[in-house]
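Please prepare a short report on how the side chains are packed in the structure shown below.

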Amino acid sequence: MCTQTRAAALMANIPEADIDPSGVFKYVLIRVHSREEGDDSEVDIVRGYGWASYHADIYDKVSEELEKGGVLDCECLGGGRIKHDPEAKKIHVYGYSQGFGRANHGVATEKLKARFPGYEVTWANEGY
């Protein structure tokens, strides 16, 4: 019989990308992993919102929600900015976070491509 850990079951239901519907805003790349003994499952997620003054605002809110039950733990892998133009079906990932450093934009871009099929999703290390 195959059994799935509680953490793995929770992670399977976490959207890998969640961003504002349009605009230019900060984003963070977060690694979510299990706190359960013997469970090394993990997933990287992208979160980007215009309401955040700082990258840490996004990380703090998301990690607090995900870590509530004590089963999951979060780690910020870095940040940057996203320009989301839904009318042109384009997303551009760039820049860095002063507090967390530059996220791996290649990973973030792949998560966004899966979430937004039909979009042109690009990235660059230039910009702030």
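## Basis of the model

The model is predicted, so that local features need pLDDT of at least 70 and side-chain atom pairs count only at pLDDT 80 or more, while totals for chains, interfaces and linings use all residues. Residues are numbered from 1 along each chain as its sequence is written, and side-chain values use heavy atoms, with hydrogens and water left out.

## Nonpolar cores

A nonpolar core is a set of buried Ala, Val, Leu, Ile, Met, Phe, Trp, Tyr and Cys residues joined through side-chain atoms within 4.5 Å; buried means under 20% relative accessible area, with a 1.4 Å probe and protein chains only. The largest such core has 18 residues, of which Met11, Ile14, Ile30, Val32, Ile45 and Leu66 touch the most other members. Two or more residues come from each of helix H1 (6-12), strand E2 (23-34), strand E3 (42-49), helix H2 (55-67) and strand E4 (72-85), where helices (H or I, at least four residues) and strands (E, at least two) are DSSP runs numbered from the N terminus. H2 gives the most, with 4 residues.

Apart from this core lies another, of 15 residues, including Val93 and Phe116.

Lys26 is buried, at 13% relative accessible area.

Asp44, in strand E3, is likewise buried at 13% relative accessibility, and its side chain makes a polar contact of 2.8 Å with that of Arg31 (a pair of N or O atoms within 3.5 Å; within protein, one must be able to donate a hydrogen and the other to accept it, and residues adjacent in sequence count only if both atoms are side-chain atoms).

Definitions and conventions. Buried means under 20% relative accessible area, exposed over 50%, partly exposed in between (1.4 Å probe, protein chains only).
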